[in-house]
Amino acid sequence: MAGKAQVVVFASQKGGSGKTTVSAHMAVQAELSGAGPVALIDTDPQGSMAKWWNARASAAPAFARISVPDLGRDIELLSDAGYRLIIIDTPPAVTSTIAEVITHADLVVLPTRPSPHDLRAVGPTVDIVQMQDKPLVFVINSATARARITGETAVALSQHGTVAPVTLHHRVDFAASMIDGRTVGEVSDTSRSAAEVANLWAYLEDRLMRMRASDPRDLIDRPPRSTFEADILSPATAGMSSQELDEDEDALENQPGYALAGMGAPPPPPPAPEPSANSNWDGIDRRKADTGPPPGKPDRRRLGHQPFGRRFTA
Ligand SMILES: Nc1ncnc2c1ncn2[C@@H]1O[C@H](COP(=O)(O)OP(=O)(O)OP(=O)(O)O)[C@@H](O)[C@H]1O
Ligand SMILES: [Mg+2]
């Protein structure tokens, strides 16, 4: 009998967070990297994954038509047929059906957009994963390049579980490729999106391999992990100066209707002390002055029409 296939479930109560897009991309990337054969299962009545697969020219990954009550038996059948990885897409809900699907997971991936709405919605999905004591990885999807909110989202999510060190950015090729049954790598294998997908799969594959290794000695012959720097720097941010990275959107706590209070808001900074007879302060404010953009770069914060940067109202 073949070894048991590993099962990765993509779940999130929030609609449109990227479950179908990311799971389809991971399935194709897994085939490419030799981790297959891969079988896809769509448990969403909307059938977005099935529609994407029907539009595909390539037969890999395979698509398995199953019903959730038979999932356990069908996972065994797929394992016996030689499938090594089963990727399951789920609907945007928290239901007993999704809880049932998660019981079969070796790893649950929870794609999240870096937005207050998505962050507020993760709780119930995290709860059903944690109730079953399943390993969980958050994947930040559809991020805006250089936006501070992405890092803040990662910090907020990290209070609840592991955050994948690779972020998928918002790019039209993700949406476009899904329409005609392809992936971003199949549209252009040199695109930034394709590199992010490959890096994300490399991270998930490493996680799955470590779970599979029953003996720590199995890990010894593995090639070393890619460098930490390569993991945390996406193609969109690699090589940028810290000043460029600082010029971004409004911070998460400034987003309309969002209060960090629910997640333990930091108190406002204390006002600067007034010079007094008992203080050593000489009354000179030495806070770093705003010296403007780097030499030769436009001042994007004051151009008004630019999408990034702080908004100056006065
Ligand atoms: N990184 C991205 N860049 C641009 N568009 C994206 C990205 N990720 C997803 N999208 C688009 O966002 C929409 C929602 O994505 P998707 O269908 O994968 O989410 P979902 O979580 O499966 O949604 P649902 O909860 O309705 O099943 C789709 O149109 C998809 O093409
Ligand atoms: Mg979907």
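In helix 1, His-25, Met-26, Gln-29 and Ala-30 meet Val-197, Ala-198, Trp-201 and Leu-204 of helix 9; contact here asks for C-beta atoms, placed from the backbone, within 7 Å. Helices (H or I, at least four residues) and strands (E, at least two) are DSSP runs numbered from the N terminus. This is a predicted model, in which local features need pLDDT of at least 70 and side-chain atom pairs 80 or more, while totals for chains, interfaces and linings use all residues. Residues count from 1 along each chain as its sequence is written, with chains lettered from A and ligands numbered from 1 in written order.

The contact of helix 1 with helix 9 splits into six nonpolar, two polar and no charged residues (nonpolar: Ala, Val, Leu, Ile, Met, Phe, Trp, Tyr, Cys and Pro; charged: Asp, Glu, Lys and Arg; polar: the others, Gly among them). The axes of helix 1 and helix 9 (residues 192-212) come within 9 Å and cross at roughly 75 degrees; axes are lines fitted to C-alpha atoms, for helices over the stretch in contact, and angles run from 0 to 180 degrees between N-to-C directions. That makes the two helices roughly perpendicular (65 to 115 degrees).

Then there's the sheet: seven strands, open, in the order 3-2-4-1-5-6-7, with parallel pairing (pairing takes at least two DSSP bridges). Strand 3 (62-63) and strand 7 (162-163) sit at the edges with a single partner strand each, so one side of each has no neighbour in the sheet. Helix 1 packs on this sheet, touching strands 1, 2, 4, 5 and 6, and its direction makes about 165 degrees with that of strand 4.

Definitions and conventions. Angles under 35 degrees count as roughly parallel, over 145 as roughly antiparallel, 65 to 115 as roughly perpendicular and the rest as oblique. Two residues are in contact if their C-beta atoms, placed from the backbone, lie within 7 Å.
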